[in-house]
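Trainee: Could we walk through this one together? I'd like to ask about each chain in turn and get the cut-offs along the way.

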Amino acid sequence: MSASSDVGYHAQRKARWHFGEAAFWLIVLACGFLFPTRYLIMTDILRLALFAMSLDLILGYAGIVSLGHAAFFGVGAYAAGLLALHGIINEPVLALIVAGLAAMVLGFATSFLVIRGVDLTRLMVTLGIALLLEALAERFSNITGGTDGLQGIEMQPIFGEIPFDMFGKAGFFYSLAVLFVLFLFARRVVHSPFGLSLRAIKNNPLRAAAIGIPVNRRLIAIYTLAAFYAGIAGALFTQTTAIASLDVFAFERSADLMLVLVIGGTGYLYGGLVGAVIFRMLQEVFATITPQYWQFWIGLVLVVIVLVGRQRLHRWVLYVPNLIIKQVAGRKAVVAVPESDS
Amino acid sequence: MTSILTNLFDGVAYGMLLFVLACGLAVTLGLMNFVNLAHGAFAMAGGYVCMVLVNRMGWPFFAALPLAFVSSAAIGIVLERTLYRHLYARSHLDQVLFTIGLTFMSVAAVDYIQGSSRVFINLPAALQGQFDLFGVGIGRYRLMIIVICGLLTIGLQMVLAKTRFGSRLRAAVDDPRAASGLGINVPQVFAFTFAFGCGLAGLGGALSAEILGLDPYFPLKFMIYFLIVVTVGGSSSITGPFLASLLLGIGDVAGKYYVPKMGPFVIYTMMIVILIWRPNGLFGRTAAR
């Protein structure tokens with residue numbers, strides 16, 4: 001077997017659906033029926049998961065560290081809010097896509113700034129763009145509602161059939177459907193040759209360029225796609241909560257997002273989903289212990305994770321599941337978090 | 001005309017203040033290549049120490065300033081020896097996460113201890129109000145800031161350029177391996193520099209309570225300003241960050257005065273444009289190697 005077909009074989013095998021993945025999605029779906037009183041928080045988790053998946057696309061696969069991913073979330077949120085508020089596009093799914101496209105345009109425009117320079121410049125530029133947008137949203141308060149945010153948004157039924165109910169049931173299944181569709185697409189993308197070339201770029205841009213990968217074009221493409229995902233997450237936020245306020249652009253949102261992804265692990269798409277669940281649980285626990293100062297404990301979690309080391313932590317967490325798999329299936333562990341960023 | 005000069009004066013004072021606040025970061029970020037987003041927390045610590053000493057314990061303002069420096073430097077050296085040291089070799093992502101975590105902790109901790117509202121330091125009467133100099137309104141407090149920060153800048157430049165420690169630091173930064181081969185204790189030099197930078201930030205925090213406002217969210221609010229100073233200024237010498245601070249200070253004050261509606265995006269736009277134009281900063285060589 002030649003080397004190139006060998007690579008192709010392994011890539012294809014990795015791209016195949018595992019039993020565990022199907023089980024994961026079935027459990028998520030089952031949650032929707034098992035906990036009918038907790039729709040609001042579960043919808044929140046789904047939104048966060050989608051948002052984290054968006055960051056995973058650029059951080060975990062392309063190695064771009066962004067401190068301002070909330071910029072696209074915010075654009076999506078305001079776009080969806082404005083579309084619904086002024087009755088421009090009443091159908092939620094269509095509005096969702098349009099809002100995502102709005103964020104995508106911004107992502108494409110700013111990607112040229114982001115691909116320039118090294119880590120540090122990227123951090124600064126992404127942070128700067130998010131702050132700039134926050135300042136803009138505050139300045140044009142006649143459009144955005146300023147610090148009060150957009151109020152009085154009324155969502156029309158999905159496809160003109162399914163109305164949003166006050167318990168958030170429709171919102172939950174709507175968000176779940178959106179998340180699943182986008183997940184399938186992201187999964188397809190990262191396992192395609194395009195996704196593999198992104199990993200090559202992340203590991204060593206110079207070598208990637210030397211074997212003929214157009215580094216900058218690939219980075220622009222994935223950054224734009226990630227912006228689309230973040231915009232959709234933002235639009236979901238507005239559609240399911242019927243508000244959009246300035247804090248969609250806040251730095252804390254971008255920072256929390258990093259934490260979500262760090263908890264879940266980068267570079268295997270499920271990191272964002274798992275991280276979102278754990279992050280919200282942690283937040284709930286801390287908020288019940290100290291309602292005002294939960295941020296302290298979140299900070300502590302971040303510090304501890306970094307000091308212990310992300311890889312080591314994931315090994316510890318996966319130790320028990322892997323042991324069980326080894327006993328039951330009699331083969332080597334299959335649940336493993338791939339190498340995170342360099 | 002006089003309003004222009006007054007604005008210029010205020011801008012210079014603001015810029016000088018930013019320089020003292022950020023020059024410690026210029027060393028850690030620019031020279032040691034460590035992304036320290038928690039730098040503002042050290043400034044906040046100095047500010048709060050000064051506030052407690054002056055307001056609660058009745059110390060004179062000028063006696064509390066050195067204490068603000070010392071306490072921030074002490075916190076800095078403890079954290080450097082126990083935590084930061086392990087992260088020098090880690091990826092930028094790890095450093096960012098770690099320092100964001102520290103920032104969140106400091107914000108919540110100060111909120112818990114001192115409450116979330118803005119605090120003021122009681123100034124001596126001699127520093128309040130302003131006087132006219134050829135028709136230009138000069139704030140006494142701002143004049144003091146310019147004097148103190150100006151002296152500090154000159155002192156820093158002298159230390160870096162003329163003293164033995166300065167040449168050790170420059171050697172350690174240029175090539176840590178060769179420097180340690182020559183018998184320079186590189187970690188010690190870095191630790192000392194880090195602590196000194198934190199101390200300066202603490203002093204800046206104490207001085208800035210009157211102008212920038214001091215509350216638990218200080219590290220988050222001004223993080224971007226410190227980063228701008230360092231990235232725009234580059235790191236080949238302290239002249240770069242110094243000029244960048246002045247530019248930022250004057251630009252911000254003028255922007256807020258002449259185009260108040262444009263608010264803060266004058267400086268953000270300025271920063272993005274400069275970074276696109278010269279990714280390694282306006283002055284000097286690359287920050288990341």
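**Two chains, question by question**

Mentor: Let's start from the record: an unreviewed UniProt entry places the feature "transmembrane region" at residues 12–32, 61–84, 96–114, 141–161, 182–203, 223–250 and 262–279 of chain B. UniProt positions are given in the numbering used here, feature names are shortened, and annotations may be inferred rather than shown by experiment. Keep in mind that this is a predicted model, where local features need pLDDT of at least 70, side-chain atom pairs count only at pLDDT 80 or more, and totals for chains, interfaces and linings use all residues. Residues are numbered from 1 along each chain as its sequence is written, while chains are lettered from A and ligands numbered from 1 in the order in which they are written.

Trainee: How far apart are the end C-alpha atoms of residues 96–114 of chain B?

Mentor: Helices (H or I, at least four residues) and strands (E, at least two) are DSSP runs, numbered from the N terminus. On that basis residues 96–114 of chain B are 100% helix and 0% strand. For residues 12–32 of chain B the figures are 95% helix and 0% strand, with the ends 28 Å apart. For residues 96–114 of chain B, the end C-alpha distance is 27 Å.

Trainee: In what order do the elements of chain B run?

Mentor: Chain B has eleven helices and two strands. Reading from the N terminus, the order is α-α-α-α-β-β-α-α-α-α-α-α-α.

Trainee: What radius of gyration does chain B have?

Mentor: The radius is taken over C-alpha atoms, and the globule rule is 2.2 Å times the number of residues to the power 0.38. The C-alpha trace of chain B spans about 60 × 45 × 35 Å along its principal axes. For 289 residues the rule puts a compact globule near 19 Å, and chain B agrees, at 19 Å.

Trainee: Which element gives the most to the side of chain B that touches chain A?

Mentor: Contact here is between residues whose C-beta atoms, placed from the backbone, lie within 7 Å. The contact takes 37 residues from chain B and 35 residues from chain A. On the chain B side, α4 (92–114), α9 (218–233) and α11 (265–277) each give two or more residues. With 16 residues, the element that gives the most is α4(B).

Trainee: And how many residues of that side of chain B are nonpolar?

Mentor: Ala, Val, Leu, Ile, Met, Phe, Trp, Tyr, Cys and Pro count as nonpolar, Asp, Glu, Lys and Arg as charged, and the others, Gly among them, as polar. On the side of chain B that touches chain A, seven residues are polar and three charged. The nonpolar count is 27.

Trainee: Over to chain A. What share of its 342 residues count as buried?

Mentor: A residue is buried if 20 or more other C-beta atoms lie within 10 Å of its own, exposed if 12 or fewer, and partly exposed in between, with C-beta atoms placed from the backbone. Chain A comes to 15 helices and zero strands. Its buried share is 46%.

Trainee: How many residues of α11(A) are buried?

Mentor: The expected span of a helix is 1.5 Å times one less than its number of residues. Helix α11 (residues 215–241) of chain A has 27 residues and should span 39 Å, which agrees with its end C-alpha atoms being 39 Å apart. α11(A) is largely enclosed by the rest of the structure, because its buried residues number 21 of the 27.

Trainee: Is A:Q151 buried or exposed?

Mentor: A:Q151 sits in the loop between α7 (141–144) and α8 (169–191) of chain A. Leaving out residues up to four places away in sequence, A:Q151 touches A:G145 and A:I243. There are 12 other C-beta atoms within 10 Å, so A:Q151 is exposed.

Trainee: What separates the C-alpha atoms of A:Q151 and A:A242?

Mentor: A:A242 follows α11(A) and has a positive phi, near 60°. A:Q151 and A:A242 are 91 residues apart along the chain, yet their C-alpha separation is 7.6 Å.

Trainee: Last one: which helix gives the most to the side of domain 1 of chain A that touches domain 2 of chain A?

Mentor: Domain bounds come from an automatic or database domain assignment, which gives domain 1 (34–289) and domain 2 (293–336) in chain A. Seven residues of domain 1 of chain A are in contact with eight residues of domain 2 of chain A. On the domain 1 side, α12 (251–264) and α13 (270–289) of chain A each supply at least two residues. With four residues, the helix that gives the most is α13(A).

Key. Two residues are in contact if their C-beta atoms, placed from the backbone, lie within 7 Å.
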